[in-house]
Amino acid sequence: MPQAGWLGRGLRRERWLGYLFVAPMLLFLLGIIILPLAHAFVTSLYREAGVNVRFVGLQNYTRLLDDTAFWNSLRVSVVFTAACVGLHLAIGMPVALFLNTLRRGRTTIRLAFLTPWMVTPVIGAIAWVWLLDPHFGVVNHLLRSVGLIAANQVWLGEPALALWSVIAVDVWRGFPFVMLILLAGLQTVPKEEYEAASIDGAGALQRFLFVTLPHLRYLLVVATTLDVINTIRTFDIVAVMTRGGPINATEVLPVLIFNTAFQANRFGPAAAIGVILLALLLVFSSLYILVLQSERSGATAP
Amino acid sequence: MTNRKSDGWAKWGVSRRQVLQGLAAAAATTAVAGSRVVSGAAPAARSGSIVLQYQTANLTEAQYEPVWKAIIAKFEAQNPNIKVEPILVARKDHWTKFVTASKANQAPDVVSVDIATAAYNGYLRPLDDLWQAEPASYRQAWTADAIKTASWQGKFYGLPSWGGIYGEIYNKEMVKQAGLDLSKPPATWNEYLDWSKRLTREGQQWALAILAGKTDSTTRMLLMWIWSNGGEAFNADMTQATFAGNPKSLEALEFYLNLDLVHKVVAPGAASINYLEQTNLFAQQKIASMRNAYWGVAKVVGDNPAIKDKIAVAFPPMNADKKVTMATMAADSISKDCKHVEAAWKFVKFVNDREWGIRRALVSNWMPMRTDLATDPEVKKDPTLVQFLEYGTVARAYPLPHPLWADIAANDIVAATQSALLRRMSVKDAFTKLDADLNKKFKEM
């Protein structure tokens, strides 16, 4: 069948051409993602002492099991991520509901709520360091003025306060992201369903529970998963505000990696922590992909 | 012959050759652009001149800005084929920026960093060949001690440039308001404690600030207090930590930290206070004294010019017969990545010329390291500078010569101090744990 052979060759050529066109992007991704990851993994198998570097196999990983700094950092990361994501949702949802009910000035108010998200995290964190200054900060002044605190608080100098301070700043910066996703979802809920529920005698809470939430179920999972991925790798806010202190109370994993690598010059152990953080991120990324796939298959099911 | 019309790319009206040529051209363009990014080549370098990158901890600090700008302008005017590019980085990020650049083999050519740690990690170029090639008359301007402090394992790594000699700086007005007499400043610990109590007005002003933030300035303060009691933080060859192991050291630590824990004469928030916060508090007259070098005076006057005439300096209080304070030393080094060693050495020498040593001392309040400048008539015109230079005769060198110094000074020792101040452990337990942690680190080296 000469024509089939000709057609087959043509298809093969077209496929080859396709590969050729995506090759630059694949090479680019290889250069900026795959090679650095491979390099980080290889680095994690070595230990440096000055200019001397020796292969230690998986020792950097096994040592982490006994490393109190690592376990403390993991615990701080879990608390930080859980608190931030929970609060992003707890604040993002009502704000989205509020914005969805607005008839006038919606764009302006939406932009106002989005502002913290648009501010560069480092700039926002520096501003907050000054706002939270124990001696000259506005926050202490305001709280004392309204009688909420009797004396100035050392927001970034006490372990518990410092952790909740960086969480508060991350919530300030991060909730608009969740709000935006949920607001997009709210705008797709058919008004007829609310009208029908109202006719059936449903109150505001019931409409929210039985109309709004089921429609937002998928977006809530997506927003939560993306937010976890985004928050667990937070570095900038913590690094600027506390550098992981005091007494490592705010040392989330990315800050521990930075401190281990660039302050302590221990690049092998730092790379090992980085690989573990990557594994954690992959777990949540896989969850995200699973959710997407299940939603797609749900949408295409007869 | 191939029927081109049946080829995939023929659909777009191009031949296979044209496609491949286009891809090759794009790849070449990308490679050239990429190589420029990697090399960081500045426009001046393309025209044949040399570009030297220069990074120190304080190029972003206002008190040094007029001096370094003048240094670079004059150097470039005298050496039109050399362009100096300052790397502006905040003090707290200076070391990490340098390490990151070194790891990428892109370290700035001329740097001022912790010599022991940087040399141990192979980030610096030994300068013995360049130093020995200089005439003896030039080399004599530096003391043997200064050269030793700028060396690591017998190799010379940096030309000592400037230093900071620590004293006790008081706000004359606040001292007077407390009914104290600055002509008889506290010379002993007990006198200092008495003054501190009288200088403190609860919730409004404090005698001092304890530095316990996450930088090595925390460690500087601890060492001075330990030395002022005749204690030692390490054994002679720095193989063992003795913060708690040496009774004199522990006594000093307890006295110093109890100023906060027991006597409450310290500004709140020690764990978040470093040099910048301390000088802010002093400039805003929230604290009546600060342990600092002469550069601290320039900083607070810059922050609050009204305080200029209210400043007095005294020797830090002692609890031992032998007077001692601290002198930090900064040296200009050449990184391992420097491609223009000769030009870099020329710049290092220029930065350390007599003219700039004096300008640094008078404008930025940094002590000159050249011995021939200490007796310079211009330097002698500044009585406070002379006072600090006198303290320098009994000062011990800092940083300590240990390859892990940058890490332990900014992390381990700070963590122990914070644990004690935040009452997670007693002072003794916190520093006993520190000794154990550091000794373990030293063994693992």
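On a 1 Å grid over the protein atoms alone, a cavity is a set of points where a 1.4 Å probe fits but cannot get out. Grid points are joined across faces, edges and corners, and a volume is the space filled by probe spheres set on the points.

This is a predicted model, in which local features need pLDDT of at least 70 and side-chain atom pairs count only at pLDDT 80 or more, while totals for chains, interfaces and linings use all residues. Residues are numbered from 1 along each chain as its sequence is written, chains are lettered from A in the order in which they are written, and side-chain values use heavy atoms, with hydrogens and water left out.

**Exercise 1. Describe the largest cavity and its lining.**

Step 1: Start with the count, which comes to 4 cavities of 30 Å³ or more. The largest has a volume of about 70 Å³.

Step 2: Find the lining residues, those with an atom within 4 Å of a point. Among them are B:Glu168, B:Tyr192, B:Trp225, B:Gln278 and B:Arg291.

Step 3: Sort the lining by type: 8 residues are nonpolar, 2 polar and 2 charged. Here Ala, Val, Leu, Ile, Met, Phe, Trp, Tyr, Cys and Pro count as nonpolar, Asp, Glu, Lys and Arg as charged, and the others, Gly among them, as polar.

Step 4: Look for the elements, using DSSP runs numbered from the N terminus: helices (H or I, at least four residues) and strands (E, at least two). In chain B, helix H11 (217-227) and strand E8 (289-292) each supply at least two lining residues, and E8(B) gives the largest share, 3 residues.

**Exercise 2. Work out how the two domains of chain B are arranged.**

Step 1: Take the bounds, which come from an automatic or database domain assignment: domain 1 (50-163 + 330-391) and domain 2 (165-327 + 400-444).

**Exercise 3. Trace the largest nonpolar core.**

Step 1: Gather buried (under 20% relative accessible area, 1.4 Å probe, protein chains only) Ala, Val, Leu, Ile, Met, Phe, Trp, Tyr and Cys residues joined through side-chain atoms within 4.5 Å. The largest core has 168 residues, and those with the most contacts inside it include B:Phe234 and B:Trp405. Domain 1 and domain 2 of chain B each give this core at least three residues.

Step 2: Follow B:Trp405, whose contacts beyond four places in sequence include B:Asp114, B:Phe234 and B:Ile413.

How values were computed:
1 Å grid on protein atoms, 1.4 Å probe; cavity = no way out; pocket = protein on both sides within 12 Å on 5 of 7 lines; lining within 4 Å. Buried < 20%, exposed > 50% of the residue type's maximum accessible area, 1.4 Å probe, protein only. Contact = heavy atoms within 4.5 Å.
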